[in-house]
Amino acid sequence: MADPFGLLDELPNLLIGQDLSRINAVVVFVGVNDAVNLTAEKAWERNMGLLLRALERETSNETSVYVMDIQPIRSIPVFDSLLGSIANAHARRLTARTERVCRSILRAVYLPLTENTILVSGRYRNSSDYRLWGEFLACEMAARLDLAHDRHGSNMVSPVQITAPPEVEAGVESHFDPVLALAQQSFGTESAAFVLRDHSGLRVVASAGPTGVNPARSDSMSATVVIQPGALVVGDTETDERFRGKPYVTGPPFMRFFAGFPIESPSGERIGILCVFDPKPRSRADTDIVLLRQLALMIQHELQAIRS
């Protein structure tokens, strides 16, 4: 999300309406405009804290937020002047404030730029500059991302193993019961279910509470979740043209509220979903998508444990 002319205090506006629950890393790269405009240091520190705390709230507990250093202002050819020197000195003061904020926020990581990450290639930045910064970021982020991945198993379950899953069919449904009970309790819904896609389509592997007619039907909300990249939350199915009139809405389990999150293979294929649903409608805004994602990840990890 980019705003080439924006200031730090405007960045939270870019987050409005964005689903960050599936993001594993966030990079914040801001400061040139604030340095040139001589933004007050206290205001910068306050706004940086507000931004980083907002990112913490909107992402999962395993997401790191990387805050890039403000690039040397005079390294930007259009600012290679006396004004650039003043702005550059101010940028260093803002940077000191940024480091202090990052130390106070658990998942924030401050990344200072080094001399070999700065090129002067023309009047404006070009692809060479951004490629260099990308390589710098990759080196800094890779170890942390690998560590988070290793905590949950580096090889969860491949699409082939999931679509022919003897482990799941061999009476191990109870392995998923604690996660489903937690989902049911956390969201206060009548039901929760783990739905898996295999060679014959979608099927319910395990559930907590009544499921009524098969919620894994090909025209169900579960099928909709499997083919989309993020969560599906329907506050009231009777007001949604896609689902009102369906048997699972007009009959048992009388599904009025539904929230589902896809479960993925290590290579990114969507192979199933975790969903919670209830006969009473509710506001979509009250649904904690980050928590739903965390519970879906727990299902993924349990699949790996069964396989190993």
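The model is predicted: local features need pLDDT of at least 70, side-chain atom pairs count only at pLDDT 80 or more, and totals for chains, interfaces and linings use all residues. Residues are numbered from 1 along each chain as its sequence is written, and side-chain values use heavy atoms, with hydrogens and water left out. The protein chain contains eleven helices and eight strands; helices (H or I, at least four residues) and strands (E, at least two) are DSSP runs numbered from the N terminus.

- The protein chain has 308 residues, of which 46% count as buried; buried means under 20% relative accessible area, exposed over 50%, and partly exposed in between, with a 1.4 Å probe and protein chains only.
- Its accessible surface comes to about 15,100 Å², and 53% of that surface belongs to carbon and sulfur atoms. Accessible areas come from the Shrake-Rupley method with a 1.4 Å probe, and for residues only the protein chains shown count as cover.
- Of the contacts between residues at least 6 apart in sequence, 69% join residues at least 24 apart, where a contact means heavy atoms within 4.5 Å.

**The parallel sheet S1-S2-S3**

- Strands of a sheet pair through backbone hydrogen bonds, either parallel or antiparallel.
- Three strands, in the order S1-S2-S3, make up an open sheet with parallel pairing; two strands pair if DSSP finds at least two bridges between them.
- Strand S1 (25-28) and strand S3 (108-111) are at the edges and each has a single partner strand, so one side of each lacks a neighbour in the sheet.
- From one strand to the next, the twist averages 25°.
- S1 and strand S2 (residues 64-68) run parallel and are joined by four bridges; Val28 has Val67 in S2 as its bridge partner.
- Helix H4 (residues 82-103) packs on this sheet and touches S2 and S3, its direction making about 150° with that of S3. Axes are lines fitted to C-alpha atoms, for helices over the stretch in contact, and angles run from 0 to 180 degrees between N-to-C directions.
- The covered face of S1 carries Val26 and Val28, while Ala25 and Val27 lie on the uncovered face.

**Ala108 in strand S3**

- Ala108 belongs to strand S3 and is buried, with a relative accessible area of 11%.
- Leaving aside residues up to four places away in sequence, Ala108 touches Leu52, Val65 and Cys102.
- Ala108 and Val67 are 41 residues apart along the chain, and their C-alpha atoms are separated by 7.1 Å.

**The antiparallel pair S7-S8**

- S7 and S8 run antiparallel and are joined by eight bridges; the bridge partner of Ala259 in S8 is Val276.
- Strand S8 (residues 270-278) has eight of its nine residues buried, so the rest of the structure largely encloses this strand.

**Aromatic rings**

- One aromatic pair is present in the structure.
- The ring centres of Phe176 and Phe194 are 4.8 Å apart and the planes stand at 55°, so the pair is tilted. Rings of Phe, Tyr and Trp (its six-membered ring) pair if their centres lie within 6.5 Å; planes under 30 degrees apart count as stacked, over 60 as edge-to-face and the rest as tilted.
- The pair links distant parts of the chain, 18 residues apart: Phe176 lies in the loop between helix H7 (166-169) and helix H8 (177-187), and Phe194 in strand S4 (residues 191-198).
- Phe176 is buried at a relative accessible area of 0%, and Phe194 is buried at 0% relative accessibility.
- The charged end of Arg282 sits over the ring of Phe257, 4.4 Å from its centre; a charge sits over a ring if NZ of Lys or CZ of Arg is within 6 Å of the ring centre and within 35 degrees of the ring normal.

- Most residues other than glycine have a negative phi, and most peptide bonds are trans.
- The Pro252 to Pro253 peptide bond is cis, with omega near 5°; Pro253 is placed in the loop between helix H10 (247-250) and strand S7 (257-264).
- Phe254, in the loop between H10 and S7, has a positive phi near 55° and counts as partly exposed at 43% relative accessibility.
- Leu38, in the loop between helix H2 (32-36) and helix H3 (41-58), has a positive phi of about 55° although it is not a glycine. Leu38 is partly exposed, at 45% relative accessibility.
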